[in-house]
Amino acid sequence: MTTTGYSILRNPFLNKGTAFSAAERERLGLTGTLPSQVQMIEEQAERAYKQFQAKSPLLEKRTFLMNLFNENVTLFYHLMDQHVSEFMPIVYDPIVAESIEQYNEIYTNPQNAAFLSIDHPENIESSLKSVADGRDIKLVVVTDAEGILGMGDWGVNGVDIAVGKLMVYTAAAGIDPATVLPVSIDAGTNNKILLENPLYLGNKHERIAGEKYLEFIDKFVTAEQKLFPASLLHWEDFGRSNAQVILDKYKDSIATFNDDIQGTGMIVLAGIFGALNISKEKLVDQRFLTFGAGTAGMGIVNQIFSELKQAGLSDAEARSHFYLVDKQGLLFDDTEDLTEAQKAFTRSRKELVNSEQLDNLEAVVNEIRPTVLIGTSTQPGTFTEAIVKSMAQNTERPIIFPLSNPTKLAEATAENLIKWTDGKALIATGIPAANVTYKGVTYKIGQGNNALIYPGLGFGLVASAAKLLAQETISAAIHALGGLVDADEPGAAVLPPVSNLTEFSQKIAEITAQSVLKQGLNREKIADPKQAVQDAKWSAEY
Ligand SMILES: NC(=O)c1ccc[n+]([C@@H]2O[C@H](COP(=O)([O-])OP(=O)(O)OC[C@H]3O[C@@H](n4cnc5c(N)ncnc54)[C@H](O)[C@@H]3O)[C@@H](O)[C@H]2O)c1
Ligand SMILES: O=C(O)C[C@H](O)C(=O)O
Ligand SMILES: [Mn+2]
C-alpha cells in the first residue's frame, strides 16, 4: 500500500479526511490537500449523518453509506456504531436485496471485493493477492449468488451480499475491516433479466455447473488457504445443490462454515430456546414442521436434531419430531426428487392413513398439529389465517418463524400472526419487524436472522485462531444467545434486540473462543480466550 499524498486520501482503510492533524498532514505530504480545519471524528460523523438523513429513499441512503465506506472505512463504522439498528436494514437485509437487483445500474465502486471468473481459473490466486493488497486477511465471505436470499440467481450482482455480511461482522463483533475480503465467484448466471441486460457486469453466459464448477471452487479454496492460512472462510447464498456438498467437502479440514445452513440453524434454535423460556416448555416435547426444506430449512432441522440427541434421544426418536414440507407436500420416503439432506427426515406412508391428501401445508398442519412452524420456502403469504388458527387451536403457545427474505417473500407478517393467534404466537421474522400492539400488550418481535449470530461466532473463531468449527462450539454459541431473553416481561421477544447486537456478539465470540480452546482446536497458543477476543477487537477510532 502506498501511504503518502493523495494515495492515502484515496485509501479507505487509511484515510482520515479532515481529521488528519497538522503534523500528519506535514509528514504524509497532505499539506494543502485539505481545508485548514482539523476535525474530530465526532464532527465528521455529525456531518455525515446529516447528509445521510437528507437522502431518500432507502436505496439512496445505502448508496451514500457505500460511498462513505469507499472513502473512509473508520468513519463509516464510527457512524454505524452510533446507529446500528437504523443502518442494519440499509447496509444489509432487506435493502441489500434492492441494491443487488439494481447493481449494474447503480454501480459505483467495487468496495474492495475480489471478482473471480469461472472462465479464468488461472487468475484466482493473483486476483486475491491484488485485492488483499498486502493486508493480512483473516475472514473471507464468498458467494456465487445462485441463491441470493430467496430471490434466486443474481450472478455478479450478488457480491453486495458478501459486502453487507462483512459490514455486519465489523459493526456487530468488531473484526478489523482491513482484515476481511468479500469474494464474488462469477460462474455465469441463468437469470434471463441479467443475460439480456446490456449493462450486466458479470459473465454473459449460463451458469457453469458440475465437475468444472467444483474444480473451480477447489482451486479457489486452495488459493485462499495458501494466501491467507489463518483465515476463516464463510460461504453465503450458494444454490441448494451446491451449498451442502461444498460444506461437507471442506468442513473437516479448514476453518469454514456455511451461513445459510449453520448460521441459520443456530439462530433458529436460539430463537426456539428463547420461545421455550417464555412458554416454559421443553424442546423434546415439540413437533417441528419445516416449510421449505432447502439449504436453510435442512440446516435448521439438522441443528435441532443434533440438540435433541444431546438431550438423550436416540436417532430414531429424534427424527420422529420432524415433518418436512416442500414443493411436493409432506416429504415421504417414496417422494420423488428428494435431496440427500431431506432423505434422512422423510416420513413413511404407513404412519399417516391419509398420506395422499398431505400435499399442501394446510392439510399437513391440520393432520400433524405442529407446535413449531418454520418458513424457509421463499413463498410469500403461505402461513395463512386458516393455517395459523389451526396451529393455535392445537397448541397453547405456537412457535411460528416466517424466515424467508427479503420482505416481499415472508410467509407471514408478525402483525397478522399476533392477531390471528390472539397474542399467543411466539414469533421471529427474517427481516426486522416493528413492535405489535394488540389488546393493550406491546409485543416485541425478535429478528430470526443469522446476522444475530454469525458475527460473534466468526469473530470468536478468528480471535481464537480456530483450525476447525466443531458441533460442540456451535451448540455453545446457540445456548449463549438463547439464554439472553427476558422471559417474564409481557410481550417479550424470543431473541435479543438488534440494538444490543454488539454486546451479545461479544458474548457469543467469547463463548466460541472458549469452546475452541477447550477442544484444543486453536492453531496458536492462547492463554485466555476472553482476552484474545478483547485483543482482536477493532474500534472505529483513528
Ligand atoms: N432468516 C434467516 O436468517 C435466513 C437464513 C437463510 C435463508 N433464509 C431465507 O430462507 C429462504 C430459503 O433460502 P434457502 O437458502 O434455504 O433456499 P433454497 O432454495 O435452498 O430452499 C428453498 C426451499 O423451498 C422450497 N420451495 C419452493 N417453493 C415451495 C413451495 N411452493 N412450497 C414448499 N416449498 C417450496 C424449495 O424447493 C427449496 O427446497 C430464502 O427466502 C432465504 O432468504 C433466511
Ligand atoms: O441474508 C439474510 O438476511 C439472511 C440469510 O442469510 C438469507 O439468505 O436470507
Ligand atoms: Mn444467506
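Colleague: Which residues surround ligand 2?

Modeller: This is a predicted model, to start with. In it, ligand 2 is surrounded by Tyr92, Asp93, Leu149, Ile161, Lys165, Glu236, Asp237, Asp259, Asp260, Asn405, Asn449 and Asn450.

Colleague: What lies 2.9 Å from an oxygen atom of ligand 2?

Modeller: A polar side-chain atom of Lys165. The side chain of Glu236 has an N or O atom 3.0 Å from an oxygen atom of ligand 2. For Asp237, a side-chain N or O atom is 3.1 Å from an oxygen atom of the ligand.

Colleague: And how much of ligand 2 does the protein bury?

Modeller: The protein buries 91%. That is out of 260 Å², the area ligand 2 exposes when taken alone.

Colleague: Which helices supply at least two residues of its shell?

Modeller: Helix 10 (159–173) and helix 14 (259–279) each do.

Colleague: What about domains? Which ones does the shell around ligand 2 draw on?

Modeller: Domain 1 (58–254) and domain 2 (262–450). At least three shell residues come from each.

Colleague: What kind of space does ligand 2 take?

Modeller: The largest pocket.

Colleague: OK, over to ligand 1. What space does that one take?

Modeller: The space taken by ligand 1 is also the largest pocket.

Colleague: How many residues are around ligand 1, and which come nearest?

Modeller: There are 24. Arg240, Thr295, Ala296, Asp326 and Gly448 come nearest.

Colleague: How does that shell split by class?

Modeller: 15 residues are polar. Five are nonpolar and four are charged.

Colleague: Which backbone atoms are close to atoms of ligand 1?

Modeller: Take the oxygen atoms of the ligand to begin. A polar backbone atom of Asn405 is 3.1 Å from an oxygen atom of ligand 1. A backbone N or O atom of Gly294 lies 3.4 Å from an oxygen atom of ligand 1.

Colleague: How much of ligand 1 is buried?

Modeller: Taken alone, ligand 1 exposes 850 Å². The protein buries 87% of that.

Colleague: Which elements give two or more residues to its shell?

Modeller: Helix 14 and helix 15 (295–310). Helix 14 also supplies at least two residues of the shell around ligand 2.

Colleague: Where does ligand 1 lie relative to the domains, and why?

Modeller: Ligand 1 lies between domain 1 (58–254) and domain 2 (262–450), because both give residues to its shell.

Colleague: New topic: the backbone. Asn405 came up with both ligands. Is its peptide bond to Pro406 cis or trans?

Modeller: The bond joining Asn405 and Pro406 is cis, with omega about -10°. Pro406 sits in the loop between strand 10 (399–402) and helix 20 (414–420).

Colleague: And Ser56 to Pro57, cis or trans?

Modeller: That peptide bond is cis too, with omega near -5°. Pro57 is in the loop between helix 3 (41–54) and helix 4 (58–71).

Colleague: Last one. What is phi of Ala145, and where does Ala145 lie?

Modeller: Phi of Ala145 is near 60°. That is a positive value in a residue other than glycine. Ala145 lies in the loop between strand 2 (139–143) and helix 10. Helix 10 is one of the helices that supply residues to the shell around ligand 2.

Note on methods
Residues numbered from 1 in each chain as written. Chains lettered and ligands numbered in written order. Predicted model: local features only at pLDDT ≥ 70, side-chain atom pairs only at ≥ 80, totals over all residues. Heavy atoms only, no water. Near = heavy atom within 4 Å. Polar contact = N/O pair within 3.5 Å; in protein donor to acceptor, adjacent residues only side chain to side chain. Areas by Shrake-Rupley, 256 points an atom, 1.4 Å probe, with all protein chains shown as cover. 1 Å grid on protein atoms, 1.4 Å probe; cavity = no way out; pocket = protein on both sides within 12 Å on 5 of 7 lines; lining within 4 Å. Sits in = over half its atoms within 2 Å of the grid points. Helix = DSSP H or I, 4+ residues; strand = E, 2+ residues; numbered from the N terminus. Domains from an automatic or database assignment. Nonpolar A, V, L, I, M, F, W, Y, C, P; charged D, E, K, R; others polar.
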